[in-house]
Structures are given as structure tokens and as C-alpha cells.
Amino acid sequence: MYKTQIKFQKIICLATIAASFIVFLYSLGIMTDIYDCFYTTMMDPEDPTQTWVTGSIIYYDMQPFNYTLTKISIALILISLTLFVTSTDKRRRYYIGNMISTALNVIAGILATVYSLPRIKAFKIQFLTTVNFEELKTFSELFNSTYTESTFWFDSGYVVFAILLIADALLLVNLLWKFRMMRLEKQLIAKGKEV
């Protein structure tokens, strides 16, 4: 039973760092279509209101969020590394450091999700409601630039943060399983002493 649990905790710790890295990759990719479509439509980068395409200001509106999301994702990676620093991936018994590391990962994942998803949804709505796609299509045909109405990068945020939350939930399951195993071990030791 211990071997199964220790294998599980190693896999979950690796999954947590992988989920954090996925958030990082997402933070690098979320602006891809926005940049490709709207950067060249700006007549004067100093004045975002001067544009060939109505609604292209979303490119500037998303910059602070994207910058913050990248910092958050780096923080998530660093926090997930604490699982390995505290040997949470291989300890038979958990100590306070392992519990703190697990709690930090879960709290950071929840906070990152609560911060990011409403903003991603708001930017998707802004993209769909304020961008003049006819102007964008005309501009892209004239200047041979990218045209898309796809909301792929906005929609994939839900998948990315679901992966992060699932990894965090499994960390909690692992912690509860570990507590149960430690309690059973104490009972076995107590029974051994009685005999």
C-alpha cells in the first residue's frame, strides 16, 4: 500500500510542476493571435486610438494582464518546485514543510485561477463585441496580414486552469491519503508494542 501511495505522490508532484509550466506556456501564447492581427493596424504606437481597425485597442488592453499572468505562471513554477525541495515527492512520512508546500501550491493555483479566468472571459467578450471584423478582413487583404475571428486562445484558458486545479486537487487527495497511511502506521506500531 505504501509503495502505491509513494508512486502516486511522485506522479502528482510531477503533474503539479507540469501544470504550472502549461500555465507559463499559455501566458506566452495568449497574445499570439491578438499580436498578429492588431499590431500592424496601429497607425501610431504612442496613440492606440489611431488605428485602421476599430477595436484593435484590445492589443494594448491585454498587455498588463499578459505581463501579470506571465509573472504568476513563473511564481507557480517556483512554488511547485518546493514540493521537490521538501521531498514531498518521496517522503514516507510528511512533516510540516511538506504540508506547507502542498498548501502553498493549492492556494496559489486557486488564486491564479480566480485572478485569470474572469479577465480572460472579459477580453474574449471585448474581442467579439468591439473588433470590427470587416475592417480587419479588409486590412489583412490589403496588407497581407493575419486575419482571425478565432477565440481559441481565450477558450483554451479554461482547459489550462482546469488542468492546474485538477493537479492541485490531486495534491490534496495525496495529502489526505498520506495522513491516513501515517495514522495506520501509528496504530500498527502501537499494536506491536502491546504484543
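Predicted model: local features only at pLDDT ≥ 70, side-chain atom pairs only at ≥ 80, totals over all residues.
## Basis of the model

Local features require pLDDT of at least 70 and side-chain atom pairs pLDDT 80 or more, while totals for chains, interfaces and linings use all residues. Residues are numbered from 1 along each chain as its sequence is written, and side-chain values use heavy atoms, with hydrogens and water left out.

## Cysteines

The structure has zero disulfides, a disulfide being a pair of cysteine sulfur atoms within 2.5 Å. Cys13 is buried at 0% relative accessible area, and Cys37 is likewise buried at 1% (buried: under 20% relative accessible area; exposed: over 50%; partly exposed: in between; 1.4 Å probe, protein chains only).

## The cavity

One cavity of 30 Å³ or more is found in the whole structure; a cavity is a set of points, on a 1 Å grid over the protein atoms alone, where a 1.4 Å probe fits but cannot get out, and its lining residues have an atom within 4 Å of a point. The largest cavity has a volume of about 40 Å³, a volume being the space filled by probe spheres set on the points, which are joined across faces, edges and corners.

Its lining includes Ile30, Asp33, Ile34, Phe127 and Trp153. Helices H2 (32-38) and H6 (152-194) each supply at least two lining residues, and H6 gives the largest share, three residues. Helices are DSSP runs (H or I, at least four residues), numbered from the N terminus.

## Leu142

Leu142 lies in helix H5 (residues 133-143) and is exposed, with a relative accessible area of 65%. Between Leu142 and Thr40 the C-alpha to C-alpha distance is 12 Å, with a sequence separation of 102 residues.

Key
1 Å grid on protein atoms, 1.4 Å probe; cavity = no way out; pocket = protein on both sides within 12 Å on 5 of 7 lines; lining within 4 Å.
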